[in-house]
Every structure is written in C-alpha cells, then in structure tokens.
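I opened this notebook to record what I looked up in a structure that is new to me. The entries follow below the display.

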Number of protein chains: 2
Amino acid sequence: MAPSTEPRRSDCPISFALEIFGDRWTLIVLRDLMLKSRQRYRELLEGDEGIATNVLAERLKRLEQRKLITKKRDPDDARQFIYLPTELAVTLVPMLVEMIVWGIRTGDKDAGSEFVARFETERDTLISELQAKVRKDAGL
Amino acid sequence: MAPSTEPRRSDCPISFALEIFGDRWTLIVLRDLMLKSRQRYRELLEGDEGIATNVLAERLKRLEQRKLITKKRDPDDARQFIYLPTELAVTLVPMLVEMIVWGIRTGDKDAGSEFVARFETERDTLISELQAKVRKDAGL
DNA sequence: ATATTTCACTTGCAATATGCAAGCAAGTTA
DNA sequence: TAACTTGCTTGCATATTGCAAGTGAAATAT
C-alpha cells in the first residue's frame, strides 16, 4: 500500500476511497473491528483469512493515521492494545453493507439469505442498528 | 492480483468481493466503463489516474472471466475492441454510489456536493437512473 | 526471585504485483 | 506501400505481500 502521505492520484472520490481501502486487507480489518467486535491485535490475526503479522501491523498504523481507528492501552494488561473504530469508520457501514449484500447475492446464494431479506425490506433500519452496535462496542 | 481460479480465502461475502475488486485498479476500470461511458482500451488508458498498459490488460481479462464485462470487436474498426459492463456489473452501482458519497464527504467536501444532496433526498431514484444509463450505454 | 509464556510487533527474505518503456502484429489511412 | 493507430505483450526495476523467525516488555507460573 502507498503511504498515506502521498498526493492523491486524482480528485475522483472513488479513487480517493481506493487509496484508503483499495487492497485485499484494509476492509477485512475494519470488518473484524466493526462487525465482529474484535479489538486486539491477537484477535485480528485469528480471522478466517489469515492476515500476516507485518501486514496487520502496517494496516493498523495506516488506519490510525487516517483516523479510522484509535489505539489505546488495555488498562487491565499493559502488554495489550485496544483498537476501536472511530465515528468516521461508522460512516463506512452503508458501503460495507452494500458490499456484503453484493457478495452474498453474487458468490454465496445460500449463506446470508436472511441478511439479504432484511436488507430488502428495511435497509435503513438494518444499517442504523449496525451503526448503533458499532458505536456501543467502541464506546462512542 | 490473484488469478480468479484460486480458492476463496473464506466464505465471508466481503472477502469474496475483495477477491474481485480489492485492489487499486479494478473499480477504477469499472467506474470508467459504467459512469464515464468509456468503452475502448485507449479510452480506459486515458483516465486521470494513469493505469499502466499491462495492468489494464490484466484487469480487463479478469473482469471478463468474472463476467463483469464483455469484449466485442468494433464493427467499424476491426483493430478496436469494445468493452461493455454486464448486468452483473450494473448490480455494483449501489456500492459504487455509497463509495462515491463516502469519498466526497470524507475527502472532498466541496466537489460533488450536489451529488450528495441528491443522494440524501432521493437515493433510490439516483441509483435507478444511473443503472438505467449504464444499461442503455451498454445496450442491455 | 527466576523462568516461562504471552503479546505486539519487527526483521529478513522469497514470491508476487506494479510501473515504466519499448516492442509487435493486425488493421487502417495517406 | 509506407506510415500510423490500436491493443496488446515483454523486459526489467521497484514496491508490496506472505511466511518464518526473532525481539523486548509485561504478565504468569514455579
């Protein structure tokens, strides 16, 4: 990934978004932080996709620089850090939901059908509830 | 990019989506094909971001394999090919719109404010109109 | 107290992907 | 028929990723 100090490729908002999460791992990390309620490095490493330690470390650094997450020491164990999504990350939920629905419909017709059903009947409520849950987990 | 013949990393729909367009270029190409009405290799090369020729060739190949685009000869000039989005690509429009809105709000407060305004008042209509335009351009 | 384990990384290195410039074959234009 | 355009491919330098091993600080066990 390009460091976040580089100039923008263009002034297109899609291009801007891709500079932040146009790679194989950044959105996986945000998914785990927001939708799977993982908060620690160790937990993030245990995801199904098997992110490498150096890649995870670099993505966390960039997400912090981009103000999509915050990093705090765990008060109960000074070895550990707690990574939490920010309010900016919460604004990504609608896009993530669209991506999830597209992925289910396109790749995984069977799994996730109830998520899609709920999306089709009450998209806005579904998104609001997910965002509320993320905020609650993150103490926002 | 990993070739599209590789096994899935996991059964998560986000992960599945990222295997298809989790990189710096794939969605840029789809943006140009769908939202900027570009159809030829030469036109796609001329985008603001400056994609390399070999990268564009590889992405077009993968998009065709994934059935997101079709490739046809130009009947008026047999040197040229015409790349068109498929109906499957049209289903990506809602996600692209969310990404555009997020990019405008997050990176480019000034530019694109009327797109965001329309999104806020009539999201569904905006998306339907964009999809209709893509279908029309592509002859779907 | 000391040893061991856990945690969050960092480092080294091979494999892969990207960027850039040049080349090429088929088709079109002068 | 010579020059040009188009859609690529190729070669090569650089950047990114994946994997395994290592490090230092803090916690836990002995």
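My entries take the conventions, then the DNA strands, then the contact between the chains.

**Conventions.** I worked with a predicted model, in which local features need pLDDT of at least 70, side-chain atom pairs count only at pLDDT 80 or more, and totals for chains, interfaces and linings use all residues. Residues are numbered from 1 along each chain as its sequence is written, while chains are lettered from A and ligands numbered from 1 in the order in which they are written.

**DNA strand C.** Two or more residues each come from helix H3 (41-45), helix H4 (53-65) and strand S2 (77-85) of chain A, and from helix H4 (53-65) of chain B. Helices (H or I, at least four residues) and strands (E, at least two) are DSSP runs, numbered from the N terminus.

**Chains A and B.** I noted that 33 residues of chain A are in contact with 33 residues of chain B; contact requires C-beta atoms, placed from the backbone, within 7 Å. On the chain A side, helix H1 (13-21), helix H2 (26-34) and helix H6 (93-107) each give two or more residues. H6(A) gives the most, with 10 residues.

Notes:
Two residues are in contact if their C-beta atoms, placed from the backbone, lie within 7 Å.
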